[in-house]
Amino acid sequence: MKAAYLTGHGGNEVVAVGERPLPPRRRGEVLVRLRAATVNRVDLYMRDSGAGITHTLPMTMGLDGAGVVEELDADERALHVGQRVVVHPGISCGRCEFCLRGDDVLCTSMRLLGEHRDGTFAEFVSVPARNVFALPAGWDDVQAAALGVNHLTAWRMLFTQARLRPHETVLVFGIGGGVSLAALQLAKAAGAKVIVTSRDAGKLERAVQMGADGAVHGATQDIARAVLELTGGRGVDVVIENVGAAVWSAALKSLVRGGRLVTCGATTGDQPGADLRRLFIRQLKVFGSTLGTLAEFRGLLALCERSPMRPVIDSVYALDDVTQALDRLESGRQFGKVAVAIA
């Protein structure tokens, strides 16, 4: 089968597109003929380093994907050959204490596609049947593929970790990125008010057109001061953050007393000042979050079935042009998901 895979680490020169063995389908697994995937920050990390992630080279890249069921067990009842499906990228053990309590995203032996095992930048992928879900009606493959990482991550951040309520206000950093746009869409769908930040005026304008209730230009405005002005001096209930050290202080200062900050990334550094006095005096809550459980993915897909919401797609590249897709994401100029068309 054709795939984009890593031969080493250090830049686009280690990314090859060519023939790879068809993934073996084990008992309980579903072989999916992929039609689309999207590019995520971890793909850049795996290309450049992969440090700290146990993996073997060569390895097919890609976390999320959508396609068609090609082959499955004869006694599988929830899925059928030819069905259009979307893949959850986290392969959990199903037996550890976290899996047994339904928090499989915390599985002690979690293996992620494109990180620990061959991923979705390929014509086929084989995953456990529990990781394969029916694609929402009316959705195309690229839109569905985009749900598997960014929208799922934003869903857990907003509704599981922050427990967002409809009357609350959310501050979303770095609008234009996949998780940030997903957070904007999901928070608005839940009835919340949303303020967004970016250092790009064009991205802020587009976010307002999508429904953002306020916008702060991170390069020309004091973020915390602007957020307090937009909230009548109160601050926001929830901060959704994936930038890291560069915005950490502003994020904490933007919160109302007792507010919640949820972080899922650290692109500008992972060692910010803790500001402990602010944390305990204002009784702020800080949550870490990444991806989401199988049950959370099911909830997200149920919303997608009845909602006009669609992921924002920045651009679509052919599998042969996967290095251009990686460069597009790395540039930071994208607004929405960078996708890879496989079929």
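I began with Arg84, which is partly exposed because its relative accessible area is 33%, where buried means under 20%, exposed over 50% and partly exposed in between, with a 1.4 Å probe and protein chains only. Before going on I noted that this is a predicted model, in which local features need pLDDT of at least 70 and side-chain atom pairs count only at pLDDT 80 or more, while totals for chains, interfaces and linings use all residues. I also noted that residues are numbered from 1 along each chain as its sequence is written, and that side-chain values use heavy atoms, with hydrogens and water left out.

**Salt bridges**

I looked up the partner of Arg84 and found a salt bridge with Asp141, with the closest N and O atoms 3.3 Å apart; the term stands for a side-chain nitrogen of Lys or Arg within 4 Å of a carboxyl oxygen of Asp or Glu. Asp141 lies in helix H3 (residues 141-145) and Arg84 in strand S6 (residues 84-87), so the pair ties together parts that are 57 residues apart in sequence; helices (H or I, at least four residues) and strands (E, at least two) are DSSP runs numbered from the N terminus.

I then turned to Arg260 and Glu168, whose side chains meet in a salt bridge at 2.9 Å, N to O. This pair links distant parts of the chain, 92 residues apart, with Arg260 in strand S15 (residues 255-263) and Glu168 in the loop between helix H4 (150-161) and strand S11 (169-172). Both Arg260 and Glu168 are buried.

For Asp103 and Arg101 I read a salt bridge with its closest N and O atoms 4.0 Å apart, in which Asp103 is buried at 17% and Arg101 is exposed at 53%. I also found a network of salt bridges linking Arg25, Arg27, Glu71, Asp73 and Asp75, and by the rule above the count comes to 22 salt bridges.

In helix H5 (residues 178-189) I picked out Gln185, which is buried at 13%. A polar atom of the Gln185 side chain lies 2.7 Å from the backbone oxygen of Arg310. Beyond four places in sequence, the contacts of Gln185 (heavy atoms within 4.5 Å) are His151, Met210, Met309, Arg310, Pro311 and Val312.

Gly244, in the loop between strand S14 (236-241) and helix H8 (245-253), is buried at 5%. Not counting residues up to four places away in sequence, Gly244 touches Gly265, Ala266, Thr268 and Gly269.

**A patch on the surface**

Last, I noted that Leu276, Phe280 and Ile281 form a nonpolar patch on the surface, with about 350 Å² of accessible area together. Of these, I followed Phe280 to helix H9 (residues 276-281) and found that Phe280 is exposed, at 56%.

Notes: Patch = residues over 30% accessible without salt bridge, like charges linked within 9 Å, V, L, I, M, F, W, Y side chains within 5 Å. Areas by Shrake-Rupley, 256 points an atom, 1.4 Å probe, with all protein chains shown as cover. Polar contact = N/O pair within 3.5 Å; in protein donor to acceptor, adjacent residues only side chain to side chain.
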